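Here is a short report on a two-chain model. Keep the sequence and the structure in view while reading.

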Amino acid sequence: MTRTDHRRLIVAIVLTAVAMALAPEIASAASPFGVARPEASVAVQSGPLAGMFAWIAAKQSAFYQGLSGLVTAFKTDGTAAWALIGLSFLYGLFHAAGPGHGKVVITSYLVATGETLRRGVVLAFMSAFAQAMTAIALVTVMTVLLSATSFAMTRATGLVEIASYALIALIGAALVYRKGAALLARVPVFGPQTAAAGGPAHGHVHVGQAHGHHHHDHAVARGHVHGPDCGHSHGPDPADLTGPFSLSRAWTAVLAVGLRPCSGAIIVLVFAFAQGVYGIGIAAALAMAAGTGMAVGLLAGIAVGAHGFAARMADSGNGWAAAGLQAAEFLAALAVFGFGLLLLGGALQGGI
Amino acid sequence: MQLGLPSAPATVLVISLLLAPTVGIAHPHVWVDSRSDILFNDAGSISGIRHAWTFDEMFSAYAIQGLDEDNDGKLSREELQPLAQVNVESLYEYDYFTFLGVIGVDEIYGVFQDPVDYWLDYDGVRLTLNFTLPLTEPFDPKQGETAIEVYDPTYFIDFQLAETDTVMLVNAPRGCAPQFERAEGFDPATAAMLAQIPPDVTDLPPEILGLTEINANTIRVICG
């Protein structure tokens with residue numbers, strides 16, 4: 001890419017940050033019929049890609065509607081299982097391809113932390129499967145074991161959702177602290193030594209892999225920053241690159257995103273149980289997770305690639321690029337924090 | 001946001017795709033077949049609307065879980081009543097997804113009171129929510145091109161007008177007749193058109209949003 005392209009990247013990031021700041025509040029998540037929680041969303045659509053997202057939404061909707069027929073068919077025809085699993089996979093894939101908060105958070109997280117491609121993809125799949133497991137656990141306990149009502153189920157989902165958002169905000173706060181310190185270290189007054197500039201602090205950045213939670217919350221997606229160009233990765237700690245995957249760190253992110261179950265998966269599970277074929281419901285939920293993990297893993301790869309590009313710019317001795325990378329990582333950290341707070345606020349406002 | 005990206009590298013395009021303010025279209029998790037009776041008073045004005053909304057099979061199964069208190073495998077109206085209550089109370093925040101007004105005149109619209117006469121029926125597969133929305137003030141259908149719209153702007157619920165018994169005028173004066181148009185759905189062209197609506201449209205009263213919304217089911221009440 002040329003330097004001009006690079007500038008465009010920066011402009012895109014700045015505009016994104018502005019758009020994020022101006023973004024409308026996320027609609028409260030109260031449920032229209034008092035049961036089943038809608039995802040946070042904004043009512044008005046804009047942007048040049050509105051048509052594409054509309055198409056994705058329509059596909060996803062069609063797949064979802066097909067699921068009920070296949071669950072019913074499975075009762076008399078075992079071969080319907082394959083169609084059901086295939087359709088669930090597609091549903092998960094398209095679900096994750098739409099705009100969503102989870103993807104935003106994960107992508108931003110990856111940009112900020114500079115995970116590698118492989119780790120990003122692993123995170124994408126782990127968080128998607130964590131989401132499926134949350135849904136399966138909830139339905140197994142609430143519906144299968146306790147015969148709970150849909151009111152109780154909706155409250156339980158709400159509580160889990162709030163925990164998820166709170167955790168996202170916490171992770172964001174921690175990242176902001178780390179990245180902010182790294183950024184300050186760049187300023188001579190604050191920096192203990194200029195060497196800090198390279199920023200070990202932000203780890204290497206390969207850009208983000210978003211892991212996937214599928215966010216169903218579309219909407220939020222508007223501004224997240226994961227900037228492509230943020231990363232600078234030069235010089236990460238060698239230990240970081242070759243060392244063992246930081247499981248504890250990754251698990252927090254997986255948990256944060258994976259805690260929030262997908263309403264679609266929950267409804268399919270309850271429906272399958274009501275039809276006396278709970279097992280196939282579980283298979284469908286796992287297939288959805290596989291689809292979601294794949295879509296978000298792809299996004300993660302793109303983000304990692306962009307980040308790597310920026311990192312090479314920074315490595316090429318361009319101090320300005322290195323600073324930009326650091327700033328972008330900081331912005332990404334802010335994005336994780338900000339979305340966590342927004343989502344949490346919306347969920348609390350919507351009531352439990 | 002319009003970044004004017006066509007000439008920029010693919011990376012930028014993809015990233016901006018991720019960053020762009022996105023379509024707020026949630027995808028639906030609930031499908032409803034809607035039937036509506038338009039109620040008239042003796043003076044020939046609309047006094048309220050009685051809806052019968054039939055939910056899809058999956059949402060029905062989700063909603064009724066745990067409600068069969070006597071375990072007889074059937075759901076009586078009494079067993080369903082707590083759910084009906086939660087349903088109608090929760091709908092308040094969404095203006096009951098029902099908008100009454102005069103087409104093209106933002107200032108004239110009907111205001112609904114809390115629902116009355118609400119209950120649920122379960123036919124073994126699907127739930128139907130019945131409820132009546134009284135108007136605070138009767139609405140004279142002759143004051144303009146009167147229309148009732150039923151839709152969810154956030155698209156969590158996909159409302160369709162039912163195939164049969166879609167609309168009925170009850171106690172309407174002679175010469176009044178209903179007409180209806182189904183929502184077309186969010187095809188890409190429509191969505192692109194919607195994309196041109198400035199964001200501050202969300203700040204308008206939902207009644208106005210309703211009458212300008214393209215993806216709405218529209219019931220016209222024509223009194224000649």
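## Terms and model

Helices (H or I, at least four residues) and strands (E, at least two) are DSSP runs, numbered from the N terminus. This is a predicted model: local features need pLDDT of at least 70, side-chain atom pairs count only at pLDDT 80 or more, and totals for chains, interfaces and linings use all residues. Residues are numbered from 1 along each chain as its sequence is written, while chains are lettered from A and ligands numbered from 1 in the order in which they are written.

## Annotated spans of chain A

In an unreviewed entry, UniProt lists "transmembrane region" for several spans of chain A, including residues 158-177 and 250-274. UniProt positions follow the numbering used here, feature names are shortened, and annotations may be inferred rather than shown by experiment.

Residues 250-274 of chain A are 84% helix and 0% strand. Their end C-alpha atoms lie 36 Å apart. Residues 158-177 of chain A are 100% helix and 0% strand, with end C-alpha atoms 29 Å apart.

## Where the chains pack

Two packed helices are described by the angle between their axes and the distance between the axes. Helix H9 (residues 263-274) of chain A packs on helix H2 (residues 57-64) of chain B at an angle of about 80°. Their axes are 8 Å apart. Axes are lines fitted to C-alpha atoms, for helices over the stretch in contact, and angles run from 0 to 180 degrees between N-to-C directions. H9(A) is therefore roughly perpendicular to H2(B), a term that covers 65 to 115 degrees.

H9(A) contributes Ile267(A), Val268(A), Val270(A), Phe271(A) and Ala274(A). H2(B) contributes Met58(B), Phe59(B), Ala61(B) and Tyr62(B). Two residues are in contact if their C-beta atoms, placed from the backbone, lie within 7 Å. The residues of this contact are nine nonpolar, no polar and no charged. Ala, Val, Leu, Ile, Met, Phe, Trp, Tyr, Cys and Pro count as nonpolar, Asp, Glu, Lys and Arg as charged, and the others, Gly among them, as polar.

## Thr143(A)

Thr143(A) sits in helix H5 (residues 117-145) of chain A. Is Thr143(A) buried or exposed? Thr143(A) is buried, because 24 other C-beta atoms lie within 10 Å. The cut-offs are 20 or more for buried, 12 or fewer for exposed, and partly exposed in between, with C-beta atoms placed from the backbone.

Leaving aside neighbours within four places in sequence, Thr143(A) contacts Ala148(A), Met153(A), Val270(A), Phe273(A) and Gln65(B). Val270(A) is also one of the H9(A) residues in the contact with H2(B).

## Chain B

Chain B has five helices and 11 strands. Of its 224 residues, 41% count as buried. For residues 55-90 of chain B, UniProt lists "domain: EF-hand" in an unreviewed entry. That span is 61% helix and 3% strand.

Val221(B) belongs to strand E11 (residues 217-223). Val221(B) counts as buried because it has 22 C-beta neighbours inside 10 Å. Its contacts, not counting residues up to four places away in sequence, are Ile38(B), Ile46(B), Pro141(B), Thr146(B), Cys176(B) and Pro178(B).

## Positive phi in two loops

Most residues other than glycine have a negative phi. Asp165(B) has a positive phi, near 45°. Asp165(B) lies in the loop between strand E8 (157-161) and strand E9 (167-170). With 10 C-beta neighbours inside 10 Å, Asp165(B) counts as exposed.

Asn171(B) has a positive phi of about 65°. Its loop runs between E9 and strand E10 (176-181). Asn171(B) is partly exposed, with 13 other C-beta atoms within 10 Å.

Technical notes. Angles under 35 degrees count as roughly parallel, over 145 as roughly antiparallel, 65 to 115 as roughly perpendicular and the rest as oblique.
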